[in-house]
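Hi there,

Here is the structure I promised to pass on to you.

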Amino acid sequence: MTLGLTAAPDIITNPTDIALVLDRSGSMTGTPLANMKTGAKTFIDIIEEATDGTADGQIGSGSHIGIVSFADTATTDTQLITSVDTLKNAVDSLTAGGSTNHADAFTKATELFDPQSSNAKVIVMFTDGNTTTGAPPAPVAAAARAQGIIIYCIGLIGSDGLDVNALNDWATDPSATHVAVTPDAAELEELFAELAANITNPGATNIVIDEVIHPDFTITSVLTPSKGTATMSGSNTLQWTIPELGVTASESAVLEFFIRHTAQTQGTKKVNESITYSDTEGNVVVFPDPTVAVECNVVVNPEPCPVPVDLSVDGCSDSLLIDMGDTYLESLGRIIQMDVTIKNVCRGKRVALAAILTEVGENGMEYQRGMKAMTIPAHNYPTCRDILVKCIKFVVPEDLDVSGASTQAICNQRNFKARFIAHNIDTDYRCCEAVVTL
């Protein structure tokens, strides 16, 4: 799990020029384009209000926004300006069609900025697909970052897929705070709004983040965060504290920790039970609500436990006589119970499993102690699975002890070796008869 925060001085005291770079390729046709436009205009409204505190139609305090859109090539739809109406009209005029040229989009966005300006420089790249035309975009994005431009990436998983690794490569580090991906176009407005709030939030001091992991998971380890300290107060709870972040310049912090699923059920599960944020400045931070798909291994119990016999003794009786029936191979001894996992068992394939147990004598010789063969039933999951076979039991009587120890038999240490053999029973192979034509 990764937690990430980015903070910067207030946009009023730290004027910022923002290039809003919007994908209008053919895969954006219909609802995705409409939702993107709504999100982009929400982004512009939040920046406007943050810069001067009023909705007066002008971005204030020395900040600007410019619009770049791209498909086969990129177009500079507006320069860096302050007019909210002009910016929104440029967004509304976008139509979808063509391929996806990310390199030209980064080039046009970089050209918007004045190298002599002291304003912070930000590119917000939105895309719904992979690069399908033009030069490789990674070097162009890297060149922009080298100039001090901060790059954020918003990704929508569109009809032609989305390379999230590419977004992480293009964006400013850490990607946890500079990349956001959604599979649903309806969430675009919320993503644009969160990003605008992130850009305009002032720096923070005395940050405290308390996270409680869902009871189905356990925290196994916590790495040292890039800023501040993180401590666990239980197997499901941790606290991350940061003295200050983004007070004098844009700054990011990342905390990574590892969790393990410990419940006995599978399905799509929320990772967080709760997560809260506080700081001295009263900033509001909304964290994602991640889920993971948990698939438990198939469990096979080839040997049932013995069936118990219920007994009851009357309160006034001193003794009880009962016939317990028959049992077999009675002898003083031990029971060895083993579990084994058969790896990568494919759908519809029964497996033959053999377990072979030997005892190692005092001179290193091996003595046979038993062999079991069993059929593991086929599963119907769509992909190959690991099959856990539980409770394979061997009885090893003490009168077979070959340890050579002189102590009482029941106390001797005995050494064993177990071997397993497994193969598919079912196969598609059919022997072909030779056909000779004269």
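Glu190 is partly exposed because its relative accessibility is 49%; buried means under 20% relative accessible area, exposed over 50%, and partly exposed in between, with a 1.4 Å probe and protein chains only. Glu190 sits in helix α7, which covers residues 188-200. Helices here are DSSP runs of H or I with at least four residues, strands are runs of E with at least two, and both are numbered from the N terminus.

Before going on, please keep in mind that this is a predicted model, in which local features need pLDDT of at least 70, side-chain atom pairs count only at pLDDT 80 or more, and totals for chains, interfaces and linings use all residues. Residues are numbered from 1 along each chain as its sequence is written, and side-chain values use heavy atoms, with hydrogens and water left out.

**Surface patches**

Glu190 also belongs to a negative surface patch, together with Asp184, Glu187, Glu189 and Glu194. Patches are made of residues with over 30% relative accessible area and no salt bridge, joining like charges within 9 Å and nonpolar side chains (Val, Leu, Ile, Met, Phe, Trp, Tyr) within 5 Å. Asp and Glu count as negative, Lys and Arg as positive, while His and the chain ends are not counted. The place of a charge is NZ of Lys, CZ of Arg, CG of Asp or CD of Glu.

A nonpolar surface patch of about 550 Å² is made by Val309, Leu311, Val313, Leu320, Ile322 and Met324; accessible areas come from the Shrake-Rupley method with a 1.4 Å probe, and for residues only the protein chains shown count as cover. Met324 lies in the loop between β16 (298-300) and β17 (333-345). With 48% relative accessibility, Met324 is partly exposed.

**Aromatic rings**

How many aromatic pairs does a search of the whole structure find? There are three. Rings of Phe, Tyr and Trp (its six-membered ring) pair if their centres lie within 6.5 Å; planes under 30 degrees apart count as stacked, over 60 as edge-to-face and the rest as tilted.

Phe43 and Phe192 make an edge-to-face pair, with 6.5 Å from centre to centre and 80° between the planes. This pair links distant parts of the chain, since Phe43 is in helix α1 (residues 31-52) and Phe192 in helix α7, 149 residues apart. Phe43 is buried at a relative accessible area of 0%, and Phe192 is buried at 0% relative accessibility.

Phe126 and Phe192 form a tilted pair, at 6.0 Å centre to centre and 45° between the planes. Here too distant parts of the chain are linked: Phe126 is in strand β5 (residues 120-127) and Phe192 in helix α7, 66 residues apart. Phe126 is buried, at 0% relative accessibility.

**Salt bridges**

The structure holds 16 salt bridges, each a side-chain nitrogen of Lys or Arg within 4 Å of a carboxyl oxygen of Asp or Glu. One of them joins the side chains of Asp92 and Lys41, at 2.8 Å from N to O. Because Asp92 lies in helix α2 (residues 84-92) and Lys41 in helix α1, this pair ties together parts that are 51 residues apart in sequence.

Asp386 bridges to Lys343, with the closest N and O atoms 2.8 Å apart. Asp386 is in strand β20 (residues 385-397) and Lys343 in strand β17, so parts 43 residues apart in sequence are tied together.

A network of salt bridges links Arg334, Glu359, Arg369, Glu398, Asp401 and Arg414.

**Backbone**

Most residues other than glycine have a negative phi, and most peptide bonds are trans. The peptide bond from Asp173 to Pro174, however, is cis, with omega near -5°. Pro174 is in the loop between α5 (164-170) and α6 (175-178). Cys391 is not a glycine, yet has a positive phi of about 65°. Cys391 is in strand β20 and is buried, with a relative accessible area of 17%.

Enjoy exploring!
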